[in-house]
Amino acid sequence: MHIEVLTEDSSGKALLEHLLPKLIGPLNEPHYRRIIDSGGVGRIPPGMRDGDPKKRTLLNKLPAMLRSYGRQENIDAVIVVLDADKNDCGALLAELQSLAEACGAGGKTMFRLAIEETEAWYFGDPDALHAAYPKARKAALKRYRQDRVCRTWEMLADAVHPAGLAALSKPGSPRPGDLKHEWANRIGPLMNPYANRSPSFGKLRDGLRRLIAASAIQPGQTPAG
């Protein structure tokens, strides 16, 4: 089975590189997969037209990418993973699914949202989080409520950064993107996707499991593409 995974940034790609082998098996054994990251989430172009070719953002490129995927018979599934941020999840998913249908890729495209941000999935695995950051502030961790819109990445930064969130505004402090890469590569390898408490991560996990279960490809076969 040939699976294409689209993420909105490189830290999301890094996390999925750690998690996908636990969910669908090692690379190309038996499922071929490719993870493509973008330079941010962006917006769907008006009228679902092709976006500005100079912009790399996920949603700006999505109409053109889905039209291409819809024409490629060797690509079996497209998984689009992005943060819900402060959007209404139901409305956003409906808009995305309408876009996929209009682009001829509705039957092979699955959208999954992290609520509110991907960092919710780290909070969903407290054992992995504590193993990666043994000195994480317990009081800061307790303030988080799973899959709520609550400035999720800032709450994680406040819990695990040595000097807390306030220190990140000082000159010379790590940039948010650098921190998110650090979390992906420190927490991601330790995560148990089958014990994650995040409902939004559970939808990604269960969707992938159903997709693989429905695949006719068995170990030892060569996937298309």
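**Exercise 1. Determine whether serine 200 is buried or exposed, and list its contacts.**

Step 1. Serine 200 has a relative accessible area of 4%, so the residue is buried (under 20% relative accessible area; exposed is over 50%, partly exposed in between; 1.4 Å probe, protein chains only). The model is predicted: local features need pLDDT of at least 70, side-chain atom pairs count only at pLDDT 80 or more, and totals for chains, interfaces and linings use all residues. Residues are numbered from 1 along each chain as its sequence is written, and side-chain values use heavy atoms, with hydrogens and water left out.

Step 2. Serine 200 is found in helix H9 (helices, H or I, at least four residues, and strands, E, at least two, are DSSP runs numbered from the N terminus).

Step 3. List the neighbours. Leaving out residues up to four places away in sequence, serine 200 touches Leu113, Ala114, Ile115, Trp121 and Asp147 (contact: heavy atoms within 4.5 Å).

Step 4. Find the polar partners. The serine 200 side chain makes a polar contact of 2.9 Å with the side chain of tryptophan 121, and another of 3.1 Å with the side chain of serine 198 (N or O atoms within 3.5 Å; within protein, one must be able to donate a hydrogen and the other to accept it; residues adjacent in sequence count only if both atoms are side-chain atoms).

**Exercise 2. Classify the aromatic pairs of tryptophan 121 and of phenylalanine 123.**

Step 1. Apply the rule. Rings of Phe, Tyr and Trp (its six-membered ring) pair if their centres lie within 6.5 Å; planes under 30 degrees apart are stacked, over 60 edge-to-face, the rest tilted. The count is three aromatic pairs.

Step 2. Take tryptophan 121 and phenylalanine 201. Their centres are 5.3 Å apart, with 70° between the planes: edge-to-face. Tryptophan 121 sits in helix H4 (residues 119-123) and phenylalanine 201 in helix H9 (residues 199-214), 80 residues apart. Both are buried.

Step 3. Take phenylalanine 123 and tyrosine 144. The centres lie 3.9 Å apart and the planes at 15°, so this pair is stacked. Phenylalanine 123 is in helix H4 and tyrosine 144 in the loop between helix H6 (138-143) and helix H7 (152-160), so the pair ties together parts 21 residues apart in sequence. Both phenylalanine 123 and tyrosine 144 are buried.

**Exercise 3. Locate the bend in helix H1.**

Step 1. Helix H1 covers residues 10-24. H1 bends by about 35° at histidine 18 (the angle between axes fitted to the seven residues ending there and the seven starting there).

Step 2. Look ahead. Proline 21 follows within four residues.

Technical notes. Expected span 1.5 Å × (residues − 1).
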